[in-house]
Amino acid sequence: MSKKVMVSFKLNGTQTDVVVEPRELLIHTLREKCLHTGPHIGCETSHCGACTVDVNGMSVKSCTFLTVQADEAELLTVEGLAKGGELHALQEGFMQEHGLQCGFCTPGMLTRAYRLLQENPSPSEEEIRYWMAGNLCRCTGYQNIVKAVQYAAAKLRGEAVQTSHPLMAEASAH
Amino acid sequence: MIPRPFEYHAPRSLSEALSLLNEHGETAKLLAGGHSLLPMMKLRFAEPGHLIDLGKLPELKGIREVGNEIRIGAMTTENELIWSTVLQEKCPLLVEGARQISDPQVRYRGTIGGDISHGDPGNDHPALMIALDASFVLAGEHGERVVPADGFFLGTYMTQLEAGEIMTGIRIPVPAPGSGYCYAKLKRKTGDFATAATAVTLRLQGGNVSDVRIALTNVGQTALRATDAEQSLLGKPLDEAAIDAAARLAMGICEPAEDLRGDIEYKTAMAGEMTRRALRTSLTRARQ
(Lines give C-alpha, C1' and ligand atoms only; values in the text may rest on other atoms or scores of the structure.)
Protein backbone atom coordinates (compact mmCIF):
# COMPACT_ATOMS: atom_id res chain seq x y z
CA MET A 1 0.00 0.00 0.00
CA SER A 2 1.49 3.33 -1.03
CA LYS A 3 0.74 6.64 0.60
CA LYS A 4 -2.64 8.11 -0.29
CA VAL A 5 -2.83 11.56 -1.83
CA MET A 6 -5.53 14.18 -2.14
CA VAL A 7 -6.67 15.04 -5.65
CA SER A 8 -8.92 17.98 -6.52
CA PHE A 9 -10.86 18.37 -9.74
CA LYS A 10 -14.05 19.85 -11.09
CA LEU A 11 -16.59 17.14 -11.79
CA ASN A 12 -19.50 18.36 -13.93
CA GLY A 13 -18.86 21.85 -12.57
CA THR A 14 -18.65 20.86 -8.92
CA GLN A 15 -15.37 21.19 -7.03
CA THR A 16 -14.53 17.69 -5.82
CA ASP A 17 -11.75 16.39 -3.57
CA VAL A 18 -10.88 12.72 -3.26
CA VAL A 19 -8.19 10.80 -1.39
CA VAL A 20 -6.75 7.98 -3.45
CA GLU A 21 -3.82 5.63 -3.77
CA PRO A 22 -1.68 6.67 -6.77
CA ARG A 23 -2.60 3.41 -8.50
CA GLU A 24 -6.34 4.13 -8.45
CA LEU A 25 -7.81 4.43 -11.95
CA LEU A 26 -10.06 7.42 -12.65
CA ILE A 27 -12.94 5.14 -13.63
CA HIS A 28 -12.91 3.56 -10.15
CA THR A 29 -12.77 6.94 -8.42
CA LEU A 30 -15.69 8.23 -10.47
CA ARG A 31 -17.81 5.16 -9.88
CA GLU A 32 -16.89 4.21 -6.33
CA LYS A 33 -15.93 7.48 -4.61
CA CYS A 34 -17.93 10.05 -6.59
CA LEU A 35 -20.85 7.65 -7.20
CA HIS A 36 -21.01 8.69 -10.85
CA THR A 37 -21.80 5.20 -12.14
CA GLY A 38 -22.73 6.22 -15.68
CA PRO A 39 -19.23 5.60 -17.05
CA HIS A 40 -18.80 1.84 -17.29
CA ILE A 41 -16.03 -0.74 -17.51
CA GLY A 42 -16.16 -3.07 -20.50
CA CYS A 43 -12.58 -4.30 -20.80
CA GLU A 44 -9.12 -4.20 -19.26
CA THR A 45 -7.16 -3.57 -22.45
CA SER A 46 -8.26 0.02 -23.21
CA HIS A 47 -10.31 -0.93 -26.27
CA CYS A 48 -14.01 -0.55 -25.54
CA GLY A 49 -14.39 3.12 -24.54
CA ALA A 50 -17.32 2.46 -22.17
CA CYS A 51 -15.39 4.46 -19.54
CA THR A 52 -14.93 7.53 -21.78
CA VAL A 53 -15.17 10.86 -19.97
CA ASP A 54 -14.13 14.36 -20.98
CA VAL A 55 -10.90 15.57 -19.32
CA ASN A 56 -9.82 19.15 -20.04
CA GLY A 57 -11.54 19.11 -23.43
CA MET A 58 -10.30 15.66 -24.46
CA SER A 59 -12.10 12.33 -24.67
CA VAL A 60 -10.22 10.06 -22.31
CA LYS A 61 -10.66 6.38 -21.46
CA SER A 62 -10.81 6.74 -17.69
CA CYS A 63 -9.66 3.13 -17.24
CA THR A 64 -6.27 4.18 -18.64
CA PHE A 65 -5.83 7.35 -16.63
CA LEU A 66 -4.77 7.63 -13.00
CA THR A 67 -6.92 9.73 -10.72
CA VAL A 68 -3.74 11.51 -9.55
CA GLN A 69 -3.32 12.70 -13.16
CA ALA A 70 -6.71 14.44 -12.90
CA ASP A 71 -5.47 16.94 -10.30
CA GLU A 72 -6.84 20.42 -11.19
CA ALA A 73 -8.66 18.97 -14.23
CA GLU A 74 -12.16 19.72 -15.50
CA LEU A 75 -14.10 16.48 -15.88
CA LEU A 76 -17.38 15.92 -17.66
CA THR A 77 -19.28 12.64 -17.36
CA VAL A 78 -22.62 11.61 -18.83
CA GLU A 79 -24.26 12.80 -15.60
CA GLY A 80 -23.23 16.36 -16.52
CA LEU A 81 -24.76 16.43 -20.01
CA ALA A 82 -28.38 17.31 -19.18
CA LYS A 83 -28.97 20.88 -18.01
CA GLY A 84 -31.84 21.69 -15.62
CA GLY A 85 -33.57 18.42 -16.47
CA GLU A 86 -33.39 19.12 -20.22
CA LEU A 87 -31.68 16.37 -22.12
CA HIS A 88 -28.63 17.31 -24.16
CA ALA A 89 -29.22 17.08 -27.91
CA LEU A 90 -27.12 13.92 -27.99
CA GLN A 91 -29.19 12.22 -25.31
CA GLU A 92 -32.34 13.18 -27.19
CA GLY A 93 -30.80 11.98 -30.46
CA PHE A 94 -29.85 8.59 -29.02
CA MET A 95 -33.41 8.23 -27.71
CA GLN A 96 -35.16 9.39 -30.90
CA GLU A 97 -32.92 7.41 -33.24
CA HIS A 98 -32.83 4.26 -31.10
CA GLY A 99 -29.07 4.55 -30.67
CA LEU A 100 -28.99 2.25 -27.64
CA GLN A 101 -30.34 -1.02 -26.44
CA CYS A 102 -28.70 -2.40 -23.28
CA GLY A 103 -27.31 1.06 -22.54
CA PHE A 104 -23.92 -0.11 -21.31
CA CYS A 105 -21.83 1.66 -23.99
CA THR A 106 -24.16 4.67 -24.10
CA PRO A 107 -22.51 6.94 -21.48
CA GLY A 108 -19.14 6.51 -23.19
CA MET A 109 -20.71 6.97 -26.63
CA LEU A 110 -22.43 10.16 -25.49
CA THR A 111 -19.35 11.75 -23.93
CA ARG A 112 -17.21 10.83 -26.94
CA ALA A 113 -19.82 12.20 -29.36
CA TYR A 114 -20.04 15.35 -27.21
CA ARG A 115 -16.35 16.10 -27.81
CA LEU A 116 -16.57 15.09 -31.48
CA LEU A 117 -19.36 17.61 -32.12
CA GLN A 118 -17.43 20.34 -30.27
CA GLU A 119 -14.55 19.76 -32.68
CA ASN A 120 -16.57 19.10 -35.81
CA PRO A 121 -20.17 20.39 -35.70
CA SER A 122 -21.04 18.93 -39.12
CA PRO A 123 -19.36 15.55 -39.43
CA SER A 124 -20.06 13.29 -42.40
CA GLU A 125 -21.15 9.71 -41.76
CA GLU A 126 -17.62 8.54 -42.51
CA GLU A 127 -16.19 11.09 -40.08
CA ILE A 128 -18.60 10.02 -37.33
CA ARG A 129 -17.58 6.39 -37.78
CA TYR A 130 -13.86 7.22 -37.84
CA TRP A 131 -13.91 9.58 -34.85
CA MET A 132 -16.13 7.23 -32.78
CA ALA A 133 -13.90 4.21 -33.45
CA GLY A 134 -12.69 4.09 -29.85
CA ASN A 135 -16.15 3.06 -28.64
CA LEU A 136 -17.47 -0.47 -29.04
CA CYS A 137 -21.16 -1.43 -28.98
CA ARG A 138 -22.52 -4.97 -28.84
CA CYS A 139 -26.19 -4.17 -29.47
CA THR A 140 -26.84 -1.57 -32.15
CA GLY A 141 -24.54 -2.40 -35.03
CA TYR A 142 -23.66 1.32 -34.94
CA GLN A 143 -26.12 2.37 -37.68
CA ASN A 144 -28.52 4.11 -35.32
CA ILE A 145 -25.67 5.62 -33.33
CA VAL A 146 -24.53 7.37 -36.51
CA LYS A 147 -28.09 8.65 -37.01
CA ALA A 148 -28.26 9.75 -33.37
CA VAL A 149 -25.08 11.79 -33.70
CA GLN A 150 -26.35 13.32 -36.95
CA TYR A 151 -29.65 14.19 -35.22
CA ALA A 152 -27.78 15.87 -32.36
CA ALA A 153 -25.44 17.70 -34.72
CA ALA A 154 -28.41 19.13 -36.63
CA LYS A 155 -30.15 20.19 -33.42
CA LEU A 156 -26.99 21.82 -32.05
CA ARG A 157 -26.61 23.72 -35.35
CA GLY A 158 -30.11 25.08 -34.76
CA GLU A 159 -31.71 23.09 -37.57
CA ALA A 160 -35.12 21.42 -37.37
CA VAL A 161 -34.78 17.79 -36.32
CA GLN A 162 -36.96 14.87 -37.12
CA THR A 163 -36.51 11.30 -36.09
CA SER A 164 -35.74 8.91 -38.92
CA HIS A 165 -37.78 6.20 -37.19
CA PRO A 166 -40.65 5.32 -39.61
CA LEU A 167 -43.37 4.95 -36.96
CA MET A 168 -42.40 8.17 -35.22
CA ALA A 169 -42.28 10.02 -38.52
CA GLU A 170 -45.73 8.70 -39.35
CA ALA A 171 -47.09 9.69 -35.93
CA SER A 172 -45.76 13.24 -36.22
CA ALA A 173 -47.39 13.55 -39.67
CA HIS A 174 -50.88 13.12 -38.14
CA MET B 1 -7.23 -4.37 -14.23
CA ILE B 2 -5.60 -3.43 -10.90
CA PRO B 3 -1.96 -2.29 -11.01
CA ARG B 4 0.43 -2.94 -8.15
CA PRO B 5 0.95 -0.01 -5.77
CA PHE B 6 3.60 2.58 -6.65
CA GLU B 7 4.72 6.05 -5.65
CA TYR B 8 3.70 8.84 -8.03
CA HIS B 9 5.87 11.85 -8.89
CA ALA B 10 4.88 14.83 -11.02
CA PRO B 11 8.07 16.85 -11.61
CA ARG B 12 7.72 20.44 -12.87
CA SER B 13 11.00 20.58 -14.78
CA LEU B 14 13.17 18.29 -16.89
CA SER B 15 16.05 18.49 -14.40
CA GLU B 16 13.72 17.46 -11.59
CA ALA B 17 12.46 14.56 -13.71
CA LEU B 18 16.02 13.46 -14.47
CA SER B 19 17.09 13.56 -10.84
CA LEU B 20 13.99 11.57 -9.79
CA LEU B 21 14.81 9.02 -12.50
CA ASN B 22 18.37 8.69 -11.27
CA GLU B 23 17.35 8.61 -7.61
CA HIS B 24 14.94 5.71 -8.09
CA GLY B 25 16.94 3.85 -10.72
CA GLU B 26 15.48 0.67 -12.15
CA THR B 27 12.41 0.80 -9.90
CA ALA B 28 11.23 3.93 -11.73
CA LYS B 29 9.32 4.25 -14.98
CA LEU B 30 8.52 7.41 -16.92
CA LEU B 31 4.79 8.00 -17.41
CA ALA B 32 3.99 9.79 -20.69
CA GLY B 33 0.56 9.24 -22.25
CA GLY B 34 0.26 6.04 -20.23
CA HIS B 35 -1.45 4.08 -23.00
CA SER B 36 1.19 1.36 -23.19
CA LEU B 37 2.57 1.50 -19.65
CA LEU B 38 -0.71 1.54 -17.70
CA PRO B 39 -2.17 -1.36 -19.75
CA MET B 40 0.97 -3.39 -18.96
CA MET B 41 0.73 -2.43 -15.28
CA LYS B 42 -2.96 -3.34 -15.17
CA LEU B 43 -2.02 -6.82 -16.38
CA ARG B 44 1.00 -6.83 -14.00
CA PHE B 45 3.46 -7.31 -16.85
CA ALA B 46 5.17 -4.21 -15.45
CA GLU B 47 5.41 -3.46 -11.75
CA PRO B 48 7.40 -0.26 -11.24
CA GLY B 49 7.78 1.09 -7.72
CA HIS B 50 7.80 4.71 -8.90
CA LEU B 51 6.03 6.49 -11.75
CA ILE B 52 7.50 9.78 -12.89
CA ASP B 53 4.78 11.65 -14.79
CA LEU B 54 6.14 13.87 -17.59
CA GLY B 55 2.72 15.43 -18.13
CA LYS B 56 3.56 18.68 -16.37
CA LEU B 57 6.59 19.56 -18.48
CA PRO B 58 5.41 22.03 -21.13
CA GLU B 59 8.92 22.15 -22.63
CA LEU B 60 8.38 18.59 -23.90
CA LYS B 61 5.36 19.58 -25.98
CA GLY B 62 4.87 21.31 -29.30
CA ILE B 63 5.75 21.24 -32.99
CA ARG B 64 8.09 23.84 -34.45
CA GLU B 65 9.97 24.39 -37.67
CA VAL B 66 13.58 25.39 -36.99
CA GLY B 67 15.67 25.95 -40.10
CA ASN B 68 15.48 22.78 -42.17
CA GLU B 69 14.13 20.73 -39.30
CA ILE B 70 10.77 19.98 -37.77
CA ARG B 71 11.19 19.66 -34.02
CA ILE B 72 8.52 17.79 -32.10
CA GLY B 73 8.43 17.61 -28.32
CA ALA B 74 8.39 14.01 -27.09
CA MET B 75 5.18 14.61 -25.10
CA THR B 76 3.28 15.85 -28.17
CA THR B 77 0.16 13.72 -28.55
CA GLU B 78 -0.93 11.80 -31.63
CA ASN B 79 -3.97 14.06 -31.86
CA GLU B 80 -1.72 17.13 -31.92
CA LEU B 81 0.30 15.57 -34.75
CA ILE B 82 -2.88 15.02 -36.78
CA TRP B 83 -4.07 18.63 -36.43
CA SER B 84 -0.66 20.30 -36.82
CA THR B 85 -0.68 22.64 -39.81
CA VAL B 86 3.12 22.48 -39.94
CA LEU B 87 2.99 18.70 -40.35
CA GLN B 88 0.02 18.78 -42.72
CA GLU B 89 1.97 21.10 -45.01
CA LYS B 90 5.55 19.95 -44.55
CA CYS B 91 5.42 16.35 -43.36
CA PRO B 92 2.09 14.78 -44.35
CA LEU B 93 3.48 11.23 -43.91
CA LEU B 94 3.44 11.74 -40.15
CA VAL B 95 -0.19 12.91 -40.25
CA GLU B 96 -1.16 9.93 -42.42
CA GLY B 97 0.64 7.61 -40.02
CA ALA B 98 -0.84 9.13 -36.86
CA ARG B 99 -4.37 8.87 -38.25
CA GLN B 100 -3.87 5.10 -38.45
CA ILE B 101 -2.69 4.76 -34.85
CA SER B 102 -5.21 3.40 -32.36
CA ASP B 103 -8.40 5.44 -31.80
CA PRO B 104 -9.41 9.03 -30.91
CA GLN B 105 -9.31 8.62 -27.13
CA VAL B 106 -5.92 6.94 -27.20
CA ARG B 107 -4.60 9.64 -29.57
CA TYR B 108 -5.56 12.39 -27.11
CA ARG B 109 -3.17 10.79 -24.60
CA GLY B 110 -0.55 8.71 -26.41
CA THR B 111 2.58 10.64 -27.33
CA ILE B 112 5.04 10.34 -30.20
CA GLY B 113 7.93 10.06 -27.75
CA GLY B 114 6.23 7.28 -25.84
CA ASP B 115 5.36 5.38 -29.01
CA ILE B 116 9.04 5.48 -30.03
CA SER B 117 10.58 4.85 -26.58
CA HIS B 118 8.35 1.83 -25.94
CA GLY B 119 10.23 -0.03 -28.69
CA ASP B 120 7.29 -2.27 -29.54
CA PRO B 121 7.66 -3.62 -33.11
CA GLY B 122 3.86 -3.25 -33.38
CA ASN B 123 4.02 0.52 -32.96
CA ASP B 124 3.88 2.68 -36.08
CA HIS B 125 6.21 5.59 -35.29
CA PRO B 126 9.46 3.57 -35.35
CA ALA B 127 9.12 2.78 -39.07
CA LEU B 128 7.74 6.26 -39.81
CA MET B 129 10.76 7.80 -38.09
CA ILE B 130 13.19 5.63 -40.06
CA ALA B 131 11.45 6.56 -43.33
CA LEU B 132 11.62 10.25 -42.39
CA ASP B 133 15.31 10.04 -41.41
CA ALA B 134 14.45 11.38 -37.96
CA SER B 135 16.74 11.73 -34.95
CA PHE B 136 15.89 11.60 -31.28
CA VAL B 137 17.12 13.94 -28.57
CA LEU B 138 17.97 12.00 -25.40
CA ALA B 139 18.60 14.01 -22.24
CA GLY B 140 20.57 12.71 -19.28
CA GLU B 141 21.91 14.34 -16.14
CA HIS B 142 25.15 15.15 -17.98
CA GLY B 143 23.60 16.69 -21.09
CA GLU B 144 21.89 15.52 -24.23
CA ARG B 145 22.78 13.43 -27.25
CA VAL B 146 21.10 13.06 -30.62
CA VAL B 147 20.65 9.56 -32.04
CA PRO B 148 19.34 8.66 -35.52
CA ALA B 149 16.14 6.62 -35.74
CA ASP B 150 17.94 4.18 -38.06
CA GLY B 151 19.84 2.09 -35.50
CA PHE B 152 17.90 3.29 -32.44
CA PHE B 153 15.74 0.17 -32.21
CA LEU B 154 17.74 -2.75 -30.80
CA GLY B 155 15.11 -5.37 -30.06
CA THR B 156 11.58 -5.90 -28.86
CA TYR B 157 11.04 -3.20 -26.19
CA MET B 158 14.75 -2.35 -26.40
CA THR B 159 16.22 0.88 -27.74
CA GLN B 160 19.39 2.93 -27.37
CA LEU B 161 17.66 4.91 -24.62
CA GLU B 162 19.79 4.28 -21.55
CA ALA B 163 18.82 4.13 -17.89
CA GLY B 164 18.60 7.67 -16.58
CA GLU B 165 17.78 9.19 -19.98
CA ILE B 166 14.59 10.88 -21.13
CA MET B 167 13.66 11.35 -24.79
CA THR B 168 12.84 15.04 -25.03
CA GLY B 169 12.32 15.57 -28.73
CA ILE B 170 12.20 14.30 -32.27
CA ARG B 171 13.97 16.06 -35.14
CA ILE B 172 12.86 15.46 -38.70
CA PRO B 173 14.58 17.01 -41.73
CA VAL B 174 11.87 18.88 -43.65
CA PRO B 175 11.09 16.63 -46.63
CA ALA B 176 11.97 18.28 -49.95
CA PRO B 177 8.93 19.80 -51.70
CA GLY B 178 7.38 17.27 -54.05
CA SER B 179 8.55 14.25 -52.06
CA GLY B 180 6.31 11.23 -52.42
CA TYR B 181 5.24 9.44 -49.26
CA CYS B 182 2.88 6.78 -47.97
CA TYR B 183 2.16 4.69 -44.90
CA ALA B 184 0.34 1.54 -45.99
CA LYS B 185 -0.95 -0.41 -42.98
CA LEU B 186 -2.79 -3.72 -42.96
CA LYS B 187 -4.79 -4.32 -39.82
CA ARG B 188 -7.69 -6.46 -38.66
CA LYS B 189 -9.70 -3.47 -37.49
CA THR B 190 -9.39 0.19 -36.58
CA GLY B 191 -7.22 0.53 -33.50
CA ASP B 192 -5.27 -2.68 -33.99
CA PHE B 193 -1.53 -2.94 -34.40
CA ALA B 194 -0.38 -3.71 -37.94
CA THR B 195 -0.33 -7.22 -39.34
CA ALA B 196 2.25 -5.57 -41.61
CA ALA B 197 2.86 -1.99 -42.69
CA THR B 198 5.33 -0.07 -44.82
CA ALA B 199 6.45 3.56 -44.64
CA VAL B 200 7.97 5.12 -47.75
CA THR B 201 9.45 8.49 -48.65
CA LEU B 202 10.94 9.11 -52.05
CA ARG B 203 12.04 11.76 -54.55
CA LEU B 204 12.10 11.63 -58.31
CA GLN B 205 14.45 13.39 -60.69
CA GLY B 206 14.17 13.11 -64.45
CA GLY B 207 11.71 10.26 -64.04
CA ASN B 208 14.11 8.24 -61.89
CA VAL B 209 14.19 7.59 -58.16
CA SER B 210 16.82 9.91 -56.71
CA ASP B 211 16.16 9.22 -53.05
CA VAL B 212 14.07 6.59 -51.27
CA ARG B 213 13.61 5.27 -47.76
CA ILE B 214 11.55 2.18 -46.95
CA ALA B 215 10.77 0.94 -43.42
CA LEU B 216 8.63 -1.97 -42.25
CA THR B 217 6.37 -2.29 -39.18
CA ASN B 218 5.70 -5.42 -37.12
CA VAL B 219 7.50 -7.94 -39.29
CA GLY B 220 10.62 -8.35 -37.13
CA GLN B 221 11.94 -7.86 -33.61
CA THR B 222 12.08 -4.14 -34.40
CA ALA B 223 10.99 -1.80 -37.15
CA LEU B 224 13.19 -2.62 -40.13
CA ARG B 225 14.85 -0.44 -42.74
CA ALA B 226 14.75 -2.20 -46.10
CA THR B 227 18.09 -0.96 -47.44
CA ASP B 228 18.46 -3.55 -50.21
CA ALA B 229 15.02 -2.66 -51.49
CA GLU B 230 15.98 1.05 -51.42
CA GLN B 231 19.23 0.37 -53.29
CA SER B 232 17.41 -1.59 -55.98
CA LEU B 233 15.28 1.46 -56.84
CA LEU B 234 17.89 4.22 -56.94
CA GLY B 235 18.48 5.81 -60.33
CA LYS B 236 15.69 3.89 -62.03
CA PRO B 237 12.13 4.66 -63.05
CA LEU B 238 9.58 3.37 -60.55
CA ASP B 239 7.79 0.95 -62.83
CA GLU B 240 5.86 -2.15 -61.79
CA ALA B 241 8.84 -4.46 -62.30
CA ALA B 242 11.02 -2.26 -60.07
CA ILE B 243 8.28 -2.03 -57.45
CA ASP B 244 7.86 -5.79 -57.40
CA ALA B 245 11.61 -6.39 -57.14
CA ALA B 246 11.84 -3.96 -54.22
CA ALA B 247 8.88 -5.61 -52.48
CA ARG B 248 10.59 -9.01 -52.79
CA LEU B 249 13.81 -7.61 -51.33
CA ALA B 250 11.80 -6.11 -48.45
CA MET B 251 10.17 -9.50 -47.85
CA GLY B 252 13.66 -11.00 -47.63
CA ILE B 253 14.47 -9.15 -44.40
CA CYS B 254 11.18 -10.00 -42.65
CA GLU B 255 11.28 -12.18 -39.55
CA PRO B 256 7.77 -11.77 -38.19
CA ALA B 257 6.48 -13.46 -35.07
CA GLU B 258 3.61 -15.87 -35.57
CA ASP B 259 0.53 -14.85 -33.61
CA LEU B 260 -3.22 -14.29 -33.98
CA ARG B 261 -2.55 -11.80 -36.80
CA GLY B 262 -1.11 -14.60 -38.93
CA ASP B 263 1.80 -16.89 -39.55
CA ILE B 264 5.25 -16.01 -40.84
CA GLU B 265 4.43 -16.65 -44.50
CA TYR B 266 1.29 -14.50 -44.44
CA LYS B 267 2.88 -11.57 -42.64
CA THR B 268 5.91 -11.67 -44.94
CA ALA B 269 3.68 -11.69 -48.03
CA MET B 270 1.66 -8.79 -46.58
CA ALA B 271 4.85 -6.81 -45.90
CA GLY B 272 5.61 -7.22 -49.59
CA GLU B 273 2.11 -6.14 -50.59
CA MET B 274 2.17 -3.11 -48.26
CA THR B 275 5.55 -2.18 -49.76
CA ARG B 276 4.09 -2.35 -53.30
CA ARG B 277 1.12 -0.20 -52.29
CA ALA B 278 3.23 2.32 -50.40
CA LEU B 279 5.60 2.68 -53.36
CA ARG B 280 2.74 3.06 -55.87
CA THR B 281 1.00 5.69 -53.75
CA SER B 282 4.28 7.51 -53.13
CA LEU B 283 4.82 7.60 -56.89
CA THR B 284 1.42 9.18 -57.52
CA ARG B 285 2.16 11.82 -54.87
CA ALA B 286 5.70 12.65 -55.98
CA ARG B 287 6.50 15.60 -58.22
CA GLN B 288 9.69 15.94 -60.23
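Biologist: At what angle do helix α2 and helix α3 of chain A pack?
Modeller: In this predicted model, α2 covers residues 89-96 of chain A and α3 covers residues 106-119 of chain A. Their axes lie 10 Å apart. The angle at which the two helices pack is about 125°.

Biologist: Is α2(A) parallel or oblique to α3(A)?
Modeller: Angles over 145 degrees count as roughly antiparallel, 65 to 115 as roughly perpendicular, and under 35 as roughly parallel. The angle between α2(A) and α3(A) is about 125°. Therefore α2(A) is, relative to α3(A), oblique.

Biologist: Which hand does the crossing of α2(A) and α5(A) have?
Modeller: Helix α5 of chain A spans residues 143-156, and its axis is 8 Å from that of α2(A). The two pack at an angle of about 140°, which means that α2(A) is oblique to α5(A). The crossing of α2(A) and α5(A) is right-handed.

Biologist: How many nonpolar residues are in the contact of α2(A) with α5(A)?
Modeller: On the α2(A) side, the residues in contact include A89(A), L90(A) and F94(A). On the α5(A) side they include I145(A), V149(A) and L156(A). Of the residues in this contact of α2(A) with α5(A), 2 are polar, 2 are charged, and the nonpolar ones number 9.

Biologist: How many charged residues are in the contact of α10(B) with α11(B)?
Modeller: Helix α10 (residues 240-252) and helix α11 (residues 264-285) of chain B pack at about 145°, with axes 8 Å apart. Their crossing is right-handed. Among the residues that meet are E240(B), D244(B) and R248(B) in α10(B), and R276(B) and R280(B) in α11(B). The contact of α10(B) with α11(B) divides into 7 nonpolar and 3 polar residues, while the charged ones number 5.

Biologist: How much area do chain A and chain B bury between them?
Modeller: The size of an interface is often given as the accessible area lost when the parts come together. Here 36 residues of chain A are in contact with 34 residues of chain B. In chain A, R23(A), Y130(A) and W131(A) lose the most area to chain B, together 23% of what that side buries. With 60% of it on carbon and sulfur atoms, the area buried between chain A and chain B is about 2,900 Å².

Biologist: Which residue of chain B forms a salt bridge with K61(A)?
Modeller: Side chains of opposite charge can pair when their charged atoms come close. Between chain A and chain B the count is 1 salt bridge. The closest N and O atoms of the pair are 2.6 Å apart, and the partner of K61(A) is D103(B).

Biologist: How many residues apart are E96(B) and R285(B)?
Modeller: The structure holds 28 salt bridges over all chains. In one of them the side chains of E96(B) and R285(B) meet, at 2.7 Å from N to O. This pair links distant parts of the chain, with E96(B) in helix α5 (residues 92-98) of chain B and R285(B) in helix α11 of chain B, and the separation is 189 residues.

Key
Residues numbered from 1 in each chain as written. Chains lettered and ligands numbered in written order. Predicted model: local features only at pLDDT ≥ 70, side-chain atom pairs only at ≥ 80, totals over all residues. Heavy atoms only, no water. Axes fitted to C-alpha atoms, helices over the stretch in contact; angles between N-to-C directions. Helix = DSSP H or I, 4+ residues; strand = E, 2+ residues; numbered from the N terminus. Contact = heavy atoms within 4.5 Å. Buried area = accessible area lost by both parts, 1.4 Å probe. Salt bridge = Lys/Arg side-chain N within 4 Å of Asp/Glu carboxyl O. Left-handed = near helix turned anticlockwise from the far one by under 90°. Nonpolar A, V, L, I, M, F, W, Y, C, P; charged D, E, K, R; others polar.
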